[in-house]
Amino acid sequence: MVSEHKTADVSFESLLRIFTVPEGPDSTLTRIEEKLSRNLNKFLREHIVAEEKPLREIEKDFSNASIPEQPEFVSEHTQHLLDSLVSHSVHTSAPSFIGHMTSALPYFLMPLSKIMIALNQNLVKIETSKAFTPLERQVLGMLHRLIYGQDDKFYSQWMHSANHSLGAFCSGGTIANITALWVARNNALRAQGNFKGVEKEGLFKAMKHYGYEGLAVLVSERGHYSLKKAADVLGIGQEGLVAVKTDNNNRICPDALHAKIVELKAQNIKPFAVIGVAGTTETGSIDPLKSIAQICQQEDCHFHVDAAWGGATLMSNNYRHLLDGVELADSVTIDAHKQLYIPMGAGMVLFKKPDAMKSIEHHAQYILRKGSKDLGSHTLEGSRSGMAMLVYAAMHIISRPGYELLIDQSIEKAKFFAGHIEQQDDFELVSEPELCLLTYRYVPSHIQTALERSSDKQRQELNDLLNELTKFIQKRQRETGKSFVSRTRLNPERWGRLNTIVFRVVLANPLTGCDILGSVLKEQREIAKQAPKLMAKIERLVDTINHSQS
């Protein structure tokens, strides 16, 4: 039975009210605002149900494709959202939900977000953003200084220069990475002689002019999936994104990188950019940035660092050394909606040289005029919200030492959890944490022993069964709704680089205590018992391996 909603009358007077008059003190919306203000995490805990509802059931609540002919009262519709949407959303801020890169948010961002939304500034041009434009330029300057450490004179000269840009705000790391590679491609295929540049004449004529058979971007095997999108959009094709082998710690091998560049050049393919990853999505590993920078300088390649995840580590004087060499990059991506604890939709790309973005500069008489300080002249996206305001506020309210505490506790918590896993005889730590990510799986010690003693064929078979078990545990844990870890696929050296499915945890949430981590493992142990047929298969194979070795 479909529940009936009360409907309001359609009149211009009632429409004016929703633009001007707030809800009454006893309305659902007002009560929600009060609860959000008093205790954000408590509100989410109360309104997001623990038991997972199947997606096909949720789809039934959103199955009507007709735009309503009658308006609903605000409070009625708010209640509908609470029941149908909020209650079945993912509790990303829950202390026991440690599989996401999204985390709990500082409470002050809620009322500040209301101000940002109410102002409804459009950062594409100064006429629709006014003070937000210099604010965004300052935030980019602050992040630029965090990475590149230039002096006051540099920022005084370039931060607010109408003809220069230290970087761009984006909706996320994907657009930030595309922007960096867009700049790199246009600089590599710049105007020369009668050739007007790739941005004017296109890729075909650019390749013809320079005599290249192809273009390539090099990145480690652990590069983010967004880079494939960048290769596609920039016209070099996904095959133009060349994967370079990684070592046992999931970091790019510099020798293999250099060899691959030499090989591509011998085929008359121009490697115009190399991407170093500072915090891989799967394991949080950081590539050897200094070595990559040296190779890029030697081979005339744009050096981009994808630090969407790990960039915030620069806030910590205790751990920023992990990103040594990032200051040598031509461009760097950082996501504020990861470890700067900002709501989703706040990515940034920073460029070492203030004139780097001239290669993608674009103007239009009616909106982006030459000589203006319009931010849109250097961004892939046009209309954008004032998310920089929230980053600006957080940097002032939390401050660098505050971020240092948040970063330090997350890394130390990951080290604690790694040590705790290693003390268990039924879990295997697969990747050591470099930042606050780690991976592991449920493998009782006698099964680990069997893996070590098995033949290649037996090991493959046993590993496949363990992959099934890992998937079962992860899925059941998510459905139960008490806690959540994600899963990914790695190729650990220990097991002959077999495709191995592992649990992946991210310990960035400051609300996650060490006590919760033990309970996550305890729950996974219990869930393993709920797969008796699968466990029986594993045990039979273990017995076969043991008998064949005896």
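How many of the 550 residues of the chain count as buried? The share is 51%, where buried means under 20% relative accessible area, exposed means over 50%, and partly exposed is in between (1.4 Å probe, protein chains only). The model is predicted, so local features need pLDDT of at least 70, side-chain atom pairs count only at pLDDT 80 or more, and totals for chains, interfaces and linings use all residues. Residues are numbered from 1 along each chain as its sequence is written, and side-chain values use heavy atoms, with hydrogens and water left out.

Overall, the chain holds 19 helices and 11 strands; these are DSSP runs numbered from the N terminus, with helices being H or I of at least four residues and strands being E of at least two. The radius of gyration is 26 Å, close to the 24 Å from the globule rule for 550 residues, so the chain is as compact as a globular protein of that length. That radius is taken over C-alpha atoms, and the rule is 2.2 Å times the number of residues to the power 0.38. The C-alpha trace spans about 80 × 70 × 45 Å along its principal axes.

Two surface patches come next. Patches are built from residues with over 30% relative accessible area and no salt bridge, joining like charges within 9 Å and nonpolar side chains (Val, Leu, Ile, Met, Phe, Trp, Tyr) within 5 Å. The areas come from the Shrake-Rupley method with a 1.4 Å probe, and for residues only the protein chains shown count as cover. The nonpolar patch covers about 720 Å² and is made by Phe-12, Leu-15, Leu-16, Ile-18, Phe-19, Leu-29 and Val-74. Helix 1 (residues 12–20) is its biggest contributor, with five residues. Ile-18 is found in this helix, and its relative accessible area of 58% makes it exposed.

The positive patch brings together Arg-31, Lys-35, Arg-38, Lys-42 and Arg-45. Helix 2 (28–38) and helix 3 (40–47) are the elements that each give two or more residues to it, and the largest share, three residues, comes from helix 2. Arg-45 sits in helix 3 and counts as exposed at 52% relative accessibility. For charges, Lys and Arg count as positive and Asp and Glu as negative, while His and the chain ends are not counted; the place of a charge is NZ of Lys, CZ of Arg, CG of Asp or CD of Glu.

Salt bridges are the next topic. With a salt bridge taken as a side-chain nitrogen of Lys or Arg within 4 Å of a carboxyl oxygen of Asp or Glu, the count comes to 14. One of them joins Glu-299 and Lys-265, with the closest N and O atoms 2.7 Å apart. Glu-299 is buried at 12%, whereas Lys-265 is partly exposed at 37%.

Another salt bridge, between Glu-404 and Arg-400, has an N to O distance of 3.3 Å. These two are four residues apart in helix 15, so about one helical turn separates them. Glu-404 is buried at 15% relative accessible area, and Arg-400 is partly exposed at 31%.

Arg-494 and Glu-428 also meet in a salt bridge, at 3.3 Å from N to O. Here too the pair links distant parts of the chain, 66 residues apart: Arg-494 is in the loop between strand 10 (486–490) and strand 11 (500–506), and Glu-428 is in strand 8 (residues 427–431). Arg-494 is partly exposed at 42%, while Glu-428 is buried at 5%. Both belong to a network of salt bridges that links Glu-428, Arg-441, Glu-452 and Arg-494.

The backbone has some points to note as well. Most residues other than glycine have a negative phi. Asn-250, however, has a positive phi near 65°. Asn-250 lies in the loop between strand 3 (241–244) and helix 12 (254–266) and is buried at 11%. Ser-399 likewise has a positive phi, near 75°; this residue is in helix 15 (residues 399–423) and counts as partly exposed at 27%.
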